[in-house]
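Subject: Structure handover

Hi,

Here is the structure for you to take over. Please open it alongside this note.

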Amino acid sequence: MGRGSPVPPMLRRKIVEQYQKGVSQRKIAKSLKLSSSTVHNIIQRFRESGTISVRKGQGRKTILDACDLRAFRRHCITYRNAIVMEITTWAQEYFQKTLSVNTIHRAIRCCWLKLCRSKKKPYLNMIQKLRRFLWAKAHLKWTVAKWKTVLWSDKSKFEVLFGKLGRHVIRTKVDKDNPSCYQCSVQKPASLMVWGCMSACGMGSLHFWKGTINAERYIQVLEQHMLPSRCRHFQERPCIFQHDNARPHTASITTSWLHRRRIRVLKWPACSPDLSPIENIWRIIKRKMRQRRPKAVGQLEDCIRQEWDNIPIPKLEQLVSSVPRRLQTVIKRSGDATQW
């Protein structure tokens with residue numbers, strides 16, 4: 001038992017029982033493997049108060065009492081994006097007490113709060129939230145079987161990773177200027193823009209963009225990659241094609257090409273990547289890239305292709321089956337961004 005640790009109630013009860021039977025304090029301490037002073041203090045407290053409970057600690061009082069912590073918690077929840085220094089300045093003025101940054105950190109933990117990185121979500125104005133809400137209500141009756149007839153498409157940017165990842169590093173104070181503890185950054189790292197499509201039946205084709213993206217080049221990608229993937233996944237069965245509202249996607253020549261090909265397109269609300277399952281696929285592949293850390297564009301392309309082909313079909317079915325729950329979350333949040 002460590003120094004200062006309270007004796008368990010069961011052990012205290014045994015000490016009192018043996019004392020009442022007439023056993024000496026020295027024999028009690030020896031049989032229970034406790035110090036004589038500990039046994040003496042427990043028996044002395046039993047004589048004085050008749051209880052075996054632990055006496056309330058007489059240590060230093062906390063700077064912020066329960067009432068202060070409740071006010072502190074309300075402020076932290078109201079101003080969630082405030083930095084610790086701003087919270088410290090506010091707390092010193094509000095409570096009229098000398099508070100350090102470490103005290104504020106402890107107070108945050110006492111309030112069952114935690115400092116975390118905020119998730120990045122697209123900005124949504126009131127009109128976009130309303131359109132998302134109405135779109136979710138209009139498609140809420142779609143079954144999982146119908147969502148499995150959708151061919152999801154999207155593009156994403158991948159960068160060649162340099163230096164150390166993450167904002168945190170394990171070091172001592174002396175190692176702050178050690179080069180291995182730096183977070184290196186590159187102004188314009190080499191990158192790839194990747195287009196891909198998927199459905200609940202499997203992964204579709206990948207295309208790596210070179211240069212700018214316009215409507216003509218996007219139509220070429222649809223002819224060379226989307227149509228073969230559509231035939232491979234659905235064959236002669238009807239399907240729905242999904243893409244976002246980027247300018248090459250909504251251009252008149254792109255819309256005319258899709259109409260001539262009799263391809264049914266799913267109307268998509270603006271700024272809604274959280275409703276598309278393929279966004280989760282990009283997130284999985286980027287996590288794999290951070291682990292594999294390719295050093296050149298060629299290696300990056302090969303790694304992306306390997307991880308793209310390694311996505312299992314049960315994972316795709318799970319993501320597509322989550323679309324109805326995403327719509328329910330959008331309706332519950334009145335069109336605001338979701339956790340997906």
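Below is what turned up in the sheet and among the salt bridges.

Keep in mind that this is a predicted model.

Strand 1 (residues 150-159) pairs with strand 4 (residues 240-242) in the parallel sense, over three bridges. Within that pairing, Leu151 has Phe241 as its bridge partner in strand 4.

Now the salt bridges. The count is seven. Three of them follow.

- Lys129 and Asp336: the closest N and O atoms are 3.7 Å apart. Lys129 is in helix 7 (residues 126-138) and Asp336 is in the segment after helix 15 (323-332), so the pair ties together parts 207 residues apart in sequence. Asp336 is partly exposed, at 32% relative accessibility.
- Asp274 and Arg132: 3.0 Å, N to O. Asp274 sits in the loop between strand 5 and helix 12 (278-292), and Arg132 in helix 7, 142 residues apart. Asp274 is buried at 6% relative accessible area. Arg132 is buried at 0%.
- Glu159 and Lys157: 4.0 Å, N to O. Glu159 is partly exposed at 38%, and Lys157 is partly exposed at 44%.

Best wishes

Notes. Residues numbered from 1 in each chain as written. Predicted model: local features only at pLDDT ≥ 70, side-chain atom pairs only at ≥ 80, totals over all residues. Heavy atoms only, no water. Pairing = 2+ DSSP bridges. Helix = DSSP H or I, 4+ residues; strand = E, 2+ residues; numbered from the N terminus. Salt bridge = Lys/Arg side-chain N within 4 Å of Asp/Glu carboxyl O. Buried < 20%, exposed > 50% of the residue type's maximum accessible area, 1.4 Å probe, protein only.
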